[in-house]
Amino acid sequence: MFTLLHTDPRFYLINKHAGVSFHREGAEAGLLDGVRAELADEALWPVHRLDRITSGLILLARSSEVASQLGAAFAAHQVEKYYLALSDRKPQKKQGLIKGDMDKGRGGAWRLLGSQVNPAITQFFSFSVQPGLRLFLLRPHSGKTHQLRVALKSQSAPILGDTLYGGSAADRGYLHAYALRFSLDGEDFAFVCPPDQGEQFVSPALQSCVAREVATPWALAWPRL
């Protein structure tokens with residue numbers, strides 16, 4: 001369900017596994033249930049979430065005061081978030097900015113609009129892993145539902161395994177919360193968590209590409225907002 005990566009008196013940092021829901025769904029335990037049980041700690045406050053298909057970094061506050069601080073930082077976009085995704089389709093452009101309002105579509109999906117009243121904003125780079133497979137490094141500047149999944153769909157490169165948005169069938173949805181950088185009580189934190197689940201994510205070609213191209217994601221020359 002998850003792997004504990006870092007323990008701080010103020011928060012836990014975990015690597016959520018793919019296919020795990022954040023909250024309980026019927027008889028199926030959610031991520032929070034599992035973390036509380038395994039760490040024997042009921043005093044946990046979520047400050048952000050990941051979709052069921054998405055693996056990777058999640059912060060869990062250990063007090064309401066810290067939850068308030070981190071929640072405000074996320075709301076103000078003061079927490080840098082970086083994601084990895086794979087697609088077996090060629091994108092319309094290899095890097096740049098994806099920006100537009102989002103609206104509910106059919107069957108639980110969302111769609112990107114041409115308007116920009118309250119837009120979802122995503123910067124991205126992409127890199128060739130091997131013929132027919134491309135790695136995307138994504139940096140969202142907003143927190144819309146399914147934002148990154150919709151962003152890549154809009155570039156004609158839906159995420160591998162994300163069948164809701166037209167991605168090719170695979171052993172998992174290939175979206176991973178890869179890195180976080182933030183400050184808390186005047187202390188700076190930076191965490192990177194390479195993906196470790198999924199046939200394509202653990203392949204030598206992908207791991208080599210990640211190490212070569214995106215080892216320090218905040219150091220890249222990001223496209224202009």
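Ala40 counts as exposed, at 70% relative accessibility (exposed means over 50% relative accessible area, buried under 20%, and partly exposed in between, with a 1.4 Å probe and protein chains only). Ala40 sits in the loop between helix H1 (31–39) and strand S3 (45–46), and it has a positive phi of about 50 degrees although it is not a glycine. Helices (H or I, at least four residues) and strands (E, at least two) are DSSP runs, numbered from the N terminus.

Please keep in mind that this is a predicted model, in which local features need pLDDT of at least 70 and side-chain atom pairs count only at pLDDT 80 or more, while totals for chains, interfaces and linings use all residues. Residues are numbered from 1 along each chain as its sequence is written, and side-chain values use heavy atoms, with hydrogens and water left out.

**Loop residues**

- Asp185 also has a positive phi, near 55 degrees, in a residue other than glycine.
- The loop that holds Asp185 runs between S11 and strand S12 (187–192), and Asp185 is exposed, with a relative accessible area of 52%.
- Asp41 lies in the loop between H1 and S3, but Asp41 is buried, with a relative accessible area of 12%.
- Leaving aside residues up to four places away in sequence, Asp41 touches Tyr12, Arg36 and Arg62 (contact means heavy atoms within 4.5 Å).
- Asp41 and Arg62 are 21 residues apart along the chain, and their C-alpha atoms are separated by 8.7 Å.

- Strand S5 (80–87) has eight of its eight residues buried, so it is largely enclosed by the rest of the structure.
- On one side of S5 the buried residues are Glu80, Tyr82, Leu84 and Leu86, and on the other they are Lys81, Tyr83, Ala85 and Ser87.
- In a regular strand the side chains alternate between the two faces of the sheet.
- S5 pairs with S11 in the antiparallel sense over six bridges (two strands pair if DSSP finds at least two bridges between them), and His176 in S11 is the bridge partner of Leu84.
- S5 also pairs with S10 in the antiparallel sense, over five bridges, where Tyr83 stands opposite Leu138 in S10.
- Strand S10 (133–140) is likewise largely enclosed by the rest of the structure, because eight of its eight residues are buried.
- Both faces of S10 are covered, with Leu133, Leu135, Leu137 and Arg139 buried on one side and Arg134, Phe136, Leu138 and Pro140 buried on the other.
- S9 and S10 pair in the antiparallel sense over eight bridges, and Ser126 stands opposite Phe136 in S10.
- The S9 and S10 hairpin has two residues between its strands, and Gly132 in the turn has a positive phi of about 85 degrees.

**Helix H4 and its cover**

- Leu206, Cys209 and Val210 are buried in helix H4 (residues 204–213).
- Seen down the axis of H4, these buried residues fall within an arc of 100 degrees, so they line one face of the helix (the arc is that of the directions from the helix axis to the C-beta atoms).
- An α-helix has 3.6 residues a turn, so residues three or four places apart point the same way.
- Pro204, Ala211 and Arg212 are exposed on the other side of H4.
- The cover over the buried residues of H4 includes S5, strand S9 (120–130), S10 and strand S11 (175–184).
- Val210 is buried, with a relative accessible area of 5%, and touches Leu84, Leu135, Tyr178 and Ala215, not counting residues up to four places away in sequence.
- The C-alpha atoms of Val210 and Phe127 are separated by 9.2 Å, with the two residues 83 places apart along the chain.

**The largest pocket**

- About 580 Å³ of space lies in the largest pocket. Of the 26 residues that line it, the closest to its centre are Arg49, Lys81, Tyr83, Gly143 and Lys144.
- On a 1 Å grid over the protein atoms alone, a pocket is an open set of points where a 1.4 Å probe fits, with protein on both sides within 12 Å along at least five of seven lines, and lining residues have an atom within 4 Å of a point.
- Grid points are joined across faces, edges and corners, and the volume is the space filled by probe spheres set on the points.
- Helix H2 (64–75), S5 and helix H3 (147–154) each supply at least two residues of the lining, and H3 gives the largest share, three residues.
- The lining has nine nonpolar, ten polar and seven charged residues (Ala, Val, Leu, Ile, Met, Phe, Trp, Tyr, Cys and Pro count as nonpolar, Asp, Glu, Lys and Arg as charged, and the others, Gly among them, as polar).
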